[in-house]
Amino acid sequence: MLFTAKAEIKDFKQTSSQINKILMQCIVGGIPSPKVTWYLQNTKLPYKQTFPDYDVNSDDVLIIPQGSLVNNSFLCNCTNPLDSVARFARSKFFKVLLPL
């Protein structure tokens with residue numbers, strides 16, 4: 001296999017297409033395509049014991065419950081045989097809970 005381009009994080013894409021969920025994608029590049037790993041508080045996601053509501057789908061998109069976004073930064077790590085790169089992502093969407 002030919003390795004020609006280091007892993008890189010190009011951007012983050014964030015959507016809210018699921019009810020009560022935020023989808024955060026780490027857009028990466030490199031040849032071969034880097035493997036993406038997400039972390040929260042130094043814990044690799046998904047880790048259901050500590051963060052039961054977080055998940056990562058088959059496209060390496062982080063699925064975040066909206067109510068837990070306020071004080072969290074997520075670390076995206078992408079790795080291929082030539083390099084490993086990590087960058088923090090903060091959410092752009094916040095859910096404000098108003099008292100009844």
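User: Which residues is Thr43 in contact with, leaving aside its neighbours within four places in sequence?
Analyst: Thr43 is in contact with Trp38 and Phe51, where contact means heavy atoms within 4.5 Å. This is a predicted model, in which local features need pLDDT of at least 70 and side-chain atom pairs count only at pLDDT 80 or more, whereas totals for chains, interfaces and linings use all residues. Residues are numbered from 1 along each chain as its sequence is written, and side-chain values use heavy atoms, with hydrogens and water left out.

User: Is Thr43 buried or exposed?
Analyst: Thr43 counts as buried because its relative accessibility is 18%; buried means under 20% relative accessible area, exposed over 50%, and partly exposed in between, with a 1.4 Å probe and protein chains only. Thr43 lies in strand S4, residues 43-45, and strands here are DSSP runs of E with at least two residues, numbered from the N terminus.

User: Where does S4 stand in its sheet?
Analyst: The open sheet has four strands in the order S4-S3-S7-S8, with antiparallel pairing, and two strands pair if DSSP finds at least two bridges between them. S4 and strand S8 (83-90) are at the edges with a single partner strand each, so one side of each has no neighbour in the sheet. Neighbouring strands of this sheet are turned by 30° against each other on average, direction ignored, with axes taken as lines fitted to C-alpha atoms and angles running from 0 to 180 degrees between N-to-C directions.

User: And how many bridges join S7 to S8?
Analyst: Eight bridges join these antiparallel strands, and Asp83 in S8 is the bridge partner of Asn80.

User: What is the strand order in the other open sheet, the one with S1?
Analyst: That sheet of four strands has the order S1-S2-S6-S5, again with antiparallel pairing. S1 and strand S5 (55-56) stand at its edges, each with a single partner strand, so one side of each is left without a neighbour in the sheet. S5 pairs with strand S6 (residues 62-65) in the antiparallel sense over two bridges, and Val56 stands opposite Leu62 in S6.

User: Switching to cysteines, how many disulfides does a search of the whole structure find?
Analyst: The search finds one disulfide, a disulfide being a pair of cysteine sulfur atoms within 2.5 Å. Cys26 is joined to Cys76, with an S to S distance of 2.0 Å, and the pair links distant parts of the chain, since Cys26 is in strand S2 (residues 21-31) and Cys76 in strand S7 (residues 73-80), 50 residues apart. The disulfide is left-handed because the torsion about the S-S bond is about -95°.

User: How far can I trust the model, what does the pLDDT average?
Analyst: The protein chain averages a pLDDT of 80, and 78% of the residues score at least 70, on the predictor's per-residue confidence scale from 0 to 100.
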